[in-house]
Amino acid sequence: PIKFGEIIGILNKQFIEEAEKVKVLPDLKPGDIIELRMQRPNKRRLSLFKGIIIAKHKSGVHTTIRVRRIIAGVGVEITFPIYSPRIKEIKVIRHKKVRRAKLYYLKYKLPRFSTFK
């Protein structure tokens, strides 16, 4: 008999393989500065979000990244599911060397520490 957990694991692997055929995903790590193009519901144009990855949660199909950006002096964090069909392209602009897996300390630093050029 096959266990339920094994079936879910097999389905996760199949879905990830199919998603990687449609779009190429770069190797994403905390500290990377990325440019993400996504399509909003009921709209044709692609919106651009550029920021630094402060966290990555791995859970198969439901893998998410949390991206932080400073907009008009206010820190904005958005969590994106990587394998979502709304995300059209993820491009890594620059790798920053970090020593932690989660960069939540950037929330409490001055804006210049979490910005980029």
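The protein contains one helix and five strands, arranged along the sequence in the pattern α-β-β-β-β-β. The model is predicted. Its C-alpha trace extends over about 55 × 35 × 20 Å along the principal axes. Of the 117 residues, 30% count as buried. The accessible surface amounts to about 8,500 Å², and carbon and sulfur atoms contribute 55% of this area. Among contacts in the protein with a separation of 6 or more, 56% are between residues 24 or more positions apart.

The helix, α1, covers residues 4–22 and includes Phe4. Phe4 counts as exposed because its relative accessibility is 63%, above the 50% cut-off for that class. Together with Ile2, Ile7, Ile8 and Leu11, Phe4 makes a nonpolar surface patch of about 520 Å².

Strand β1 spans residues 32–39 and is mostly covered, with six of its eight residues buried. Strand β1 has pairings with β5 and with β2. With strand β5 (residues 87–95), the pairing is antiparallel and comprises seven bridges; within it, Asp32 has His95 as its bridge partner. With strand β2 (residues 46–57), β1 is again joined by seven bridges, and these two strands also run antiparallel. Here the bridge partner of Ile33 is Ile52. Strands β1 and β2 form a hairpin in which six residues lie between the two strands. Asn42, in the turn of this hairpin, has a positive phi of about 65°.

Seven salt bridges are found in a search of the whole structure. Side chains of opposite charge can pair when their charged atoms come close. One of the salt bridges connects the side chains of Asp27 and Lys29, with an N to O distance of 3.8 Å. Asp27 counts as exposed because its relative accessibility is 52%, whereas Lys29, at 45%, counts as partly exposed.

In one, the closest N and O atoms of Glu35 and Lys91 are 3.7 Å apart. This pair links distant parts of the chain, as Glu35 lies in strand β1 and Lys91 in strand β5, 56 residues apart. Glu35 has a relative accessibility of 14% and therefore counts as buried, the cut-off being under 20%. Lys91 counts as partly exposed, at 40% relative accessibility.

In the other, the side chains of Glu89 and Arg37 meet at an N to O distance of 3.5 Å. This pair likewise links distant parts of the chain, with Glu89 in strand β5 and Arg37 in strand β1, 52 residues apart. Both residues are partly exposed: the relative accessible area is 36% for Glu89 and 29% for Arg37. Through salt bridges that share partners, Glu35, Arg37, Glu89 and Lys91 are joined into one network. Strands β1 and β5, which pair over seven antiparallel bridges, are thus also linked through side chains, by the Glu35 and Lys91 pair and by the Glu89 and Arg37 pair.

Note on methods:
Residues are numbered from 1 along each chain as its sequence is written. This is a predicted model: local features need pLDDT of at least 70, side-chain atom pairs count only at pLDDT 80 or more; totals for chains, interfaces and linings use all residues. Side-chain values use heavy atoms; hydrogens and water are left out. Buried means under 20% relative accessible area, exposed over 50%, partly exposed in between (1.4 Å probe, protein chains only). Helices (H or I, at least four residues) and strands (E, at least two) are DSSP runs, numbered from the N terminus. Two strands pair if DSSP finds at least two bridges between them. Patches are made of residues with over 30% relative accessible area and no salt bridge: like charges are joined within 9 Å, nonpolar side chains (Val, Leu, Ile, Met, Phe, Trp, Tyr) within 5 Å. Accessible areas come from the Shrake-Rupley method with a 1.4 Å probe; for residues, only the protein chains shown count as cover. A salt bridge is a side-chain nitrogen of Lys or Arg within 4 Å of a carboxyl oxygen of Asp or Glu. Contact means heavy atoms within 4.5 Å.
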